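Q: Hey, I'm new to this one. Can you walk me through it?
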Amino acid sequence: MLDLRFSEAELETRREHVTGFIRETADAAGADGAVLGLSGGIDSTLTAYLAAEALGADALHGLVMPGTVSDDDNMSDAERVAMDLELSYDIIEIEPIVGSLLSAYPEAEGDQVAVGNARARVRAVLNYLVANHDDRLVLGTGNRSEAAVGYFTKYGDGAVDCHPIGNLYKRQVRQLARHVGVPDDLAEKTPTAGLWEGQTDEAELGLDYDTLDSILALHIDGPLSAAATRRELGVDREAIETVRGLYERSAHKRAAPPAPDPLP
């Protein structure tokens, strides 16, 4: 696969770039700090480490929001991150809220995707409830790889004020995490959105992150054709077509909701 790793000098430059971005975004908004959903995964963990460095631990508040399908180890890791960074945090069980939604619309009961997305949107509502109450920003945890293929819930984990690590491919997220001191067991753990039981990111996407990152860098973000990308990476046509299809079908997630063109 394509080697997307940074040099040591580049890692420090990225660290300074992201922490500076967080400070500047908070200052421009006149915010008193930031709120961050902590999942125990590598993306939210790296974002927490960088935000604590940028704003100070006192200005960052974590929310741990387990549901019935949440992995206990992930929730424990989320609390561990908050305690390691000395962040204030709350634990809010989301399933009673999701249950209220299903009571209002029982036809959705058993719809794995609809209910999973509802969980992500409930978490977004709670992030903004706390952020608005405390005059803070909501920090997103999305990375470049997942944004490109639409691997996030519209108005769920995509509903944030900014994405500090949004320019980093997944492999670069792991590398920068280790650079800033995230423990190896957190940096290398299996990614999961935790929207339904047994869900993992790579199984749902249908390919591993190294392959996804490489195709994105060469073919979607880069200049190579599908054929040249296949030759360069040694992957099959199906992998290229899968990534291209995900990118094209998810364009609406990366854009503001459309309106008709103005009449003349």
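Q: What radius of gyration does the protein chain have, and what would a compact globule have?
A: With 264 residues, a compact globule would come out near 18 Å, and the protein chain has 19 Å, which agrees. The radius is taken over C-alpha atoms, and the globule rule is 2.2 Å times the number of residues to the power 0.38.

Q: Where do these values come from?
A: This is a predicted model, where local features need pLDDT of at least 70, side-chain atom pairs count only at pLDDT 80 or more, and totals for chains, interfaces and linings use all residues. Residues are numbered from 1 along each chain as its sequence is written, and side-chain values use heavy atoms, with hydrogens and water left out.

Q: OK, how many helices and strands are there?
A: The protein chain has 12 helices and 4 strands. Those are DSSP runs numbered from the N terminus: helices are H or I with at least four residues, strands are E with at least two.

Q: And how much of the protein chain is buried?
A: 48% of its 264 residues. Buried means under 20% relative accessible area, exposed is over 50%, and partly exposed is in between (1.4 Å probe, protein chains only).

Q: Which residues touch the most other members in the largest nonpolar core?
A: L38, L46, L50, L60 and V182, out of 34 residues in that core. A nonpolar core is a set of buried Ala, Val, Leu, Ile, Met, Phe, Trp, Tyr and Cys residues joined through side-chain atoms within 4.5 Å.

Q: Which element gives the most to this core?
A: That's α2, with 8 residues.

Q: What does L46 contact, leaving aside its neighbours within four places in sequence?
A: L46 is in contact with I165, L168, V173, L176, A177 and V180. Contact means heavy atoms within 4.5 Å.

Q: Back to helices. How do α1 and α2 pack?
A: Their angle is about 60 degrees and their axes are 9 Å apart. The axes are lines fitted to C-alpha atoms, for helices over the stretch in contact, and angles run from 0 to 180 degrees between N-to-C directions.

Q: Which residues meet there?
A: From α1, R15, V18, T19, I22, R23 and A26; from α2, L50, A51, E53, A54 and L55.

Q: Last one: where is A251, and is A251 buried or partly exposed?
A: A251 sits in the segment after α12 (237–249). A251 counts as partly exposed because its relative accessibility is 39%.
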